[in-house]
Amino acid sequence: MTRFLKRTLFMLVPATLMAFVLWVPASTSDLGLQNVTLSCTDGTLLDLELDAIALTALADAVVAINLYPAGDPPLACSLSQSSASSGSTVLRRLLALLTPGEAAAGGNPQHDYAVGGGQVQKGLCTINFALSAHVGDTDATSPPTSGGTFNLTEQQSCLMPSCAPTCCICGGGHLVAKPDCLHVEGDVAQLSATVTHSDGSFSSFSVGSQIYVEAQDDPDMIGWTGTALGTEPCDACPATMPLLHGNVSVHDADCPGCTGTPCIPTTPTTTTRPTTTTTTATTSTTTSTSPCLNATPACAGPMRTACTCGGDCTSQFCDLSGGSPGFCAPVCADSMPPCGCNADCSSGSCVSDRCQTVSPPGPCGCGGDCTSQNCQGGTCKKNCVPGPCMSNADCSSGSCVAGFCAPVLPGGSCGCGGDCTTQFCDNGTCGS
């Protein structure tokens, strides 16, 4: 037996050395792996080794980033074939040859990543997104990223180009954020990012604040929120939305092709916060070293309760734009965020612990606060035909049909000529 082992060892060593000397890039295809480099305008330069399925998914995601520009400036990415293999790559390929049963798991053994772009529908508005985030392979719950970008752009949508921006259903806006934490499990990625630019409809995300993102691959989903959930990796647990167009590619280096478990956001049923390390889905808790300030979450309001984190506020939003401590601030109702009182909602309506939209002329801080999607000067306004509506109260014509304001006959109410079948509005009444 000893002689046999020695003979086998002497045969294996020369073969191993020959593999090192004569290795050529063409051998990559023998293992079903391709060397590619992902490069983006944010400075991303990531060398990857992927199988055909992962490479196709990543290529589709890169195409979507460029096809649906997001951010100001928009993120752009490309894929290129990598140069000759490094020594560590050769070692991994040699190991794959010696253990062919594990070759399928050998693709991209160094990096977890989430890359994608496309469009989603949020209320009546269409939003483009671009995501590029990557981290060294790790099982840590909330590992810091090694770079990337998360961008959003809301497309402006107005009743008529000539009346913009006062008659816009969707005002438009941009957000640029830099990921600082990324956790990938199977085909689900959770990340947090620091906002570096925001304008328009995303102005509620002040520069320096955090945005929390979840991306899912197959089915492709994306979601974001300003609300942190400390029990989740990277504090990220937003409600996700299906893509209208585009592609998301999430890759777990430890388990390519595996299915992850998306986080489902829950609504707290109590506001007690005992000083303990135990947490549940219905009780918000902290440790004695928590960075939060308040023992009991406080409502937003004119008194501006001090806070240092979202958990200090029943609105889950602590405005730190002026530094820390900040103050508990209201949130828009477009995604039905949690609330503990009416003051937590810029719509002024908190029902069953969720912010609700209101009809004109209710208060608003964004279009999503209004059933008409039209917020001007802090007040929900009615829409002219053919603006969106949920009831007749949303339309200056007084007629909402199948979700859109409809024109009325002479004698009916109007706010503009389009409200009338005759196209003639005279002092709020349709003329003949």
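A residue counts as buried when its relative accessible area is under 20%. In this predicted model, Gln216 has a relative accessible area of 12%, so Gln216 is buried. Gln216 belongs to strand β11, which covers residues 210-216. Leaving aside residues up to four places away in sequence, Gln216 touches Asp187, Val188, Met221, Val248, Val250 and Pro262.

The disulfides come next. A disulfide is a covalent bond between the sulfur atoms of two cysteines. Searching the whole structure gives 17 disulfides, and one of them joins Cys125 to Cys170, with an S to S distance of 2.0 Å. This link of Cys125 and Cys170 is left-handed, with -100° about the S-S bond. Cys125 is buried at 6% relative accessibility, and Cys170 is buried at 1%.

Another disulfide connects Cys181 and Cys234, S to S 2.1 Å. The link of Cys181 and Cys234 is left-handed, at -75° about the S-S bond. Distant parts of the chain are linked here: Cys181 is in strand β9 (residues 173-185), while Cys234, 53 residues apart from it, is in the loop between β12 (221-225) and β13 (241-242). Relative accessibility is 8% for Cys181, which is therefore buried, and 3% for Cys234, therefore also buried.

Cys313 and Cys328 also form a disulfide, with sulfur atoms 2.1 Å apart. The torsion about their S-S bond is about -85°, so the disulfide of Cys313 and Cys328 is left-handed. Cys313 lies in the loop between β15 (306-307) and β16 (318-319), and Cys328 lies in strand β17 (residues 326-328), 15 residues apart. Both Cys313 and Cys328 are buried.

Key:
Residues numbered from 1 in each chain as written. Predicted model: local features only at pLDDT ≥ 70, side-chain atom pairs only at ≥ 80, totals over all residues. Heavy atoms only, no water. Helix = DSSP H or I, 4+ residues; strand = E, 2+ residues; numbered from the N terminus. Buried < 20%, exposed > 50% of the residue type's maximum accessible area, 1.4 Å probe, protein only. Contact = heavy atoms within 4.5 Å. Disulfide = S-S within 2.5 Å.
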